[in-house]
Amino acid sequence: MKILIIGGTQFIGIAQVEIALARGHEVTIFNRGKTNADMFPQVEKLIGDRDGNLEALKGRRWDVVIDNCGYVPRIVKQSAELLADAVDRYIFISTISVFADLTKPGIDENSPLAKLEDETTEVYMSEAYGGLKVLCEKVVEEAVPGRTLIIRPGLIVGPNDPTNRFTYWPARIADSSRKEVLAPDSPEVGSQVIDARDLGAFTIKMAEEKATGIYNATGPDYRLTLGKIFDTSKEITGSDVNFTWVSEEFLLENKIEPFSQMPLWVPRAMAGFDKVNVSKAINAGLTFRPLEETIRDTLAFEAERHAKAGEDDPQLKRAGLSPEREAELLAAWHAKN
Ligand SMILES: NC(=O)c1ccc[n+]([C@@H]2O[C@H](COP(=O)([O-])OP(=O)(O)OC[C@H]3O[C@@H](n4cnc5c(N)ncnc54)[C@H](OP(=O)(O)O)[C@@H]3O)[C@@H](O)[C@H]2O)c1
C-alpha cells in the first residue's frame, strides 16, 4: 500500500512507520520538519503545516492516510477535505477521552460522547481535549463518509514516549539510591495501557484490511494492576526499593494531579478509565506484547535518551514527582501514619 502518515516522527508515528516499512508498504510522512527531522532518511518526507500549509499534499494519491496529530476540528477539517478524493480511506487517531462519563466501567464504542460548551475553543491541552477529539472525529466522518477508521487508544506506553507517564515508574523503581517509592492508593488499582508498537501493528493491520468504523484500543487482555507493573519493574531491574502506598485522600489533600504528577493513578471516581471494553478491537486482531518487554524496552529507551541529552533535558522530567517533592510527601505521610 501507499500510506501517508500525518506526523510520523514522534512516538506512535515512529512505530507505525517502522511496522509499515517492515511489511513492505510505501510510506510518505507529512509534518513541519521540526520533530526528529533526521529520522527515516529512506522515507519520502513532505514538509508543510496541517494548519494552513497543505500544498505538499496537493495532486498526490495514497491508499490510506493515518492522521496522528489532529486535536482541533478546524485544523483536521483542512486535511480531511483536501485528502477526501486523494485517499481511499482516512484513519484518525482519537482517544478514549472522547467518552462523556469515565466513572462507569464497561465503556464501549457506542457509549455517549463528551460535549463541549464552547465548541470553538482550540485549547486542546485542557479539559476540552476529549470534547475536541469528538468534534475532530465528526469532521473526518463528514469529509470522508463511509471510508473512515477511528481508533481510540487509552494510555499509550513504551519506547519514544515523550510524556514520561509510564516511563516514570520503571525508571523510578530502577533508582535504588532512593529506597522508598511513593505509590498511589493500592497495588490493586487497575491500569489499562497499550504499547505504541501494538497500537501501530493494529493500525497497519486494519489499514491492510481496509477496515472502517470505530475501535477502542487499549489493553491488555487481562486485568493489569499497579502492583503488577511495579513488581515486574522491580524484578527486571533487580531493584530493592520498597513501596509506600499512600491513600487517595492523602494525594487529593496534597493536590497531586493524577496522570501528570502521579502517572497511572486512576482516582476511584474515574472507575471506568481502566475498565474500557476493548473486545471489538481484540476480535479484530489487536494483540499485546508481554508487559516485561514493554518495561525492558522503555528502560532501554530512557537510558539512551539520558545518555544523549544529559540530566538537563527538559523532556526527561515531564510527568511524575521530582525527588524533592516525593521525599516531602513521604515525610508528611509518615508524620500522620
Ligand atoms: N499519548 C497517549 O497516551 C495518548 C493516548 C490516547 C490518544 N493519544 C493520541 O495519539 C496521538 C499522539 O501522538 P504522538 O504523541 O505520537 O504525536 P503528536 O504530538 O500528536 O504528533 C507529533 C507528530 O506530528 C507532527 N506535527 C505536529 N504538529 C504538526 C503540524 N502542525 N503539521 C504537521 N505535522 C505536525 C510532528 O512533527 P513536526 O513537529 O516536525 O511537525 C510529529 O511527527 C494524538 O492523536 C493523541 O490524541 C495519545
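Is P187 buried, partly exposed or exposed? The legends below start with that residue, in what is a predicted model.

**View 1. P187 and its surroundings.** P187 counts as partly exposed because 14 C-beta neighbours sit inside 10 Å, and a residue needs 20 or more to be called buried. Look for P187 in the loop that runs between β8 (180-184) and β9 (193-195). Once the neighbours within four places in sequence are set aside, P187 is in contact with T225, L226, G227 and W245. One further pair to pick out in this view is P187 with F243: they are 56 residues apart along the chain, and 9.5 Å separates their C-alpha atoms.

**View 2. The whole chain, for orientation.** Before zooming back in, here is the overall layout. The chain has ten helices and eleven strands. Its radius of gyration is 20 Å, close to the 20 Å that the globule rule gives for 337 residues, so the chain is as compact as a globular protein of that length. The C-alpha trace spans about 65 × 40 × 35 Å along its principal axes. Of the 337 residues, 41% count as buried. If you take the contacts with a separation of 6 or more, 80% of them come from residues 24 or more positions apart.

**View 3. Helix α1 against helix α5.** Now for the helix pairs. Two packed helices are described by the angle between their axes and the distance between the axes. For α1 (residues 11-22) and α5 (residues 196-208), the axes come within 8 Å and cross at roughly 55°. That angle makes α1 and α5 oblique to each other, and α1 passes α5 in a right-handed crossing. On the α1 side, the contact is made by F11, I12, A15, Q16, I19 and A20, and on the α5 side by A196, R197, L199, G200, A201, T203 and I204. Sorted by class, this contact has nine nonpolar, three polar and one charged residues.

**View 4. Helix α2 against helix α3.** What angle do α2 (residues 73-83) and α3 (residues 129-143) make when they pack? It is about 20°, with the axes 9 Å apart. Angles under 35 degrees count as roughly parallel, so α2 and α3 are roughly parallel to each other. The crossing of α2 past α3 is right-handed. From α2 come P73, V76, K77, A80 and E81, which meet L132, L135, C136, V139, V140 and A143 of α3. By class, the residues of this contact divide into nine nonpolar, no polar and two charged.

**View 5. Helix α6 against helix α9.** Here the axes of α6 (residues 226-237) and α9 (residues 291-309) come within 10 Å, and the crossing angle is roughly 60°. The two helices, α6 and α9, are therefore oblique to each other, and their crossing is right-handed. I229, T232, S233 and I236 of α6 make the contact with L291, E292, I295 and R296 of α9. The contact of α6 with α9 has four nonpolar, two polar and two charged residues.

**View 6. The cis peptide bond at P220.** Most residues other than glycine have a negative phi, and most peptide bonds are trans. Which form does the bond from G219 to P220 take? It is cis, with omega near -5°. To find it, go to the loop between β10 (213-217) and α6, where P220 has its place.

**View 7. N36, a positive phi in a loop.** N36 has a phi near 45°, a positive value in a residue other than glycine. The loop that holds N36 lies between β2 (26-31) and β3 (44-47). With 15 other C-beta atoms within 10 Å, N36 is partly exposed.

**View 8. K255, with a positive phi of its own.** K255 is not a glycine, yet its phi is positive, at about 55°. Where is K255 found? Its place is the loop between α7 (248-253) and α8 (279-283). K255 counts as exposed because it has 7 C-beta neighbours inside 10 Å, and the exposed class takes in residues with 12 or fewer.

Technical notes: Residues numbered from 1 in each chain as written. Predicted model: local features only at pLDDT ≥ 70, side-chain atom pairs only at ≥ 80, totals over all residues. Helix = DSSP H or I, 4+ residues; strand = E, 2+ residues; numbered from the N terminus. Contact = placed C-beta atoms within 7 Å. Axes fitted to C-alpha atoms, helices over the stretch in contact; angles between N-to-C directions. Parallel < 35°, antiparallel > 145°, perpendicular 65-115°, else oblique. Left-handed = near helix turned anticlockwise from the far one by under 90°. Nonpolar A, V, L, I, M, F, W, Y, C, P; charged D, E, K, R; others polar. Rg over C-alpha atoms; globule rule 2.2 N^0.38 Å.
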